[in-house]
Amino acid sequence: MLYFQSPDQNFLLRQGDCLHILPSLNHKFNMIFADPPYFLSNNGLTVKNGIIQSVNKGDWDSSLSVDDIDKFTYDWLLMAREVLADNGTIWISGTHHNIFTLGKTLEQLGFKILNMITWEKPNPPPNFSCRYFTYSTEWIIWARKYPKIPHYFDYQLMKKLNSDKQMKDVWRLPAVQSWEKQQGKHPTQKPLGLLSRIILASTQKDDLILDPFAGSATTGIAAHLLDRKFVGIEQEAEFLTLAKRRFLAINEDAKIIIKQKIREQISLI
């Protein structure tokens, strides 16, 4: 179901389960970014901003069996592959809880894994149990659809952003900043700086980008700011409301300010 479409039709949100919507899409996308559920809402505890809080994020993240997670991963990746352009690439965010399943499934489906980006967070939350090392990273797999069909990569721009040195696969970028939450919060929101670097690295202006787990549409906001086209799929009404609110809040003056803040973030090394 269509939830929201910008006047120029370059920013589109669809409401529903991506497993139902992906087969109905008629477009071929140049890039897909996905931050699928980690299925970690198991009534555990964590620490955020110095406060002990529940890890539960919602029914959409409820714990599943290993077999169910494997099937879900295979099904959505298979459908995503069908709508990806032959020379397109996919980026998938994860942690140790799901990244190995994602990597295995990508190879089963014929993708070629290009990089495993390590996103290092400068100020991660402390480890609550004090029984193992503090988690300070997330991983992002970058893969192309076919092993032998070349993909787009703006090598020169990435080198320029990295003080004219080849950019490595470890990115030290800040987590979501307070100014990114002015319209509301999402429990697994990704920073605009991270998505902007990904989009700049692997797409060109006017390219079409898909996010099958759009959340608060950080992928779409970054795509809009960088003159790309976007389709997002999200089943939770509250997140769609937040995503629409975030998009509508970006007027021409706001664009200038946000772009400057993003520029400062993505040049960090």
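Student: How many of the 11 residues of strand 6 are buried, and what follows for the strand?

Tutor: This is a predicted model. Burial is judged by relative accessible area, with under 20% as the cut-off. In strand 6, nine of the 11 residues pass that test, so the strand is largely enclosed by the rest of the structure.

Student: Which strand runs parallel to strand 6, and how many bridges join them?

Tutor: Strand 3 runs parallel to strand 6, and five bridges join the two.

Student: In what sense do strand 6 and strand 8 pair?

Tutor: Strand 8, residues 137-144, is antiparallel to strand 6, with six bridges between them. Here I90 sits opposite A143 of strand 8.

Student: Now helices. Why do residues three or four places apart point the same way in an α-helix?

Tutor: Take helix 2, residues 66-83: its 18 residues reach 26 Å from first C-alpha to last, close to the 26 Å expected at 1.5 Å a residue. The buried residues of helix 2 are I69, F72, T73, W76, L77, A80, R81 and V83. Down the helix axis they fall within an arc of 155 degrees, so they line one face of helix 2.

Student: Which exposed residues does the face turned away from the buried side of helix 2 carry?

Tutor: That face carries D67, K71 and E82. On the buried side, the cover includes helix 1 (18-21), strand 3 (29-34), strand 6 (84-94), helix 3 (99-108) and strand 10 (208-211).

Student: How many residues has the largest nonpolar core, and which have the most contacts inside it?

Tutor: The largest nonpolar core has 39 residues, and F11, L13, W91, L194, I198 and I258 have the most contacts inside it. Helix 5, residues 192-202, supplies the largest share of this core, seven residues. For I198, leaving aside neighbours within four places in sequence, the contacts are M31, F33, W91, I140 and W171. A separate second core has 30 residues, among them L25, V83, L109 and A143.

Student: Last, cysteines. Is C18 buried or exposed?

Tutor: C18 is buried, at 4% relative accessible area. C130 is exposed, at 66% relative accessibility. To call a disulfide, one looks for two cysteine sulfur atoms within 2.5 Å. By that rule the count is zero disulfides.

Technical notes: Residues are numbered from 1 along each chain as its sequence is written. This is a predicted model: local features need pLDDT of at least 70, side-chain atom pairs count only at pLDDT 80 or more; totals for chains, interfaces and linings use all residues. Side-chain values use heavy atoms; hydrogens and water are left out. Helices (H or I, at least four residues) and strands (E, at least two) are DSSP runs, numbered from the N terminus. The expected span of a helix is 1.5 Å times one less than its number of residues. Buried means under 20% relative accessible area, exposed over 50%, partly exposed in between (1.4 Å probe, protein chains only). The arc is that of the directions from the helix axis to the C-beta atoms. Contact means heavy atoms within 4.5 Å. Two strands pair if DSSP finds at least two bridges between them. A nonpolar core is a set of buried Ala, Val, Leu, Ile, Met, Phe, Trp, Tyr and Cys residues joined through side-chain atoms within 4.5 Å.
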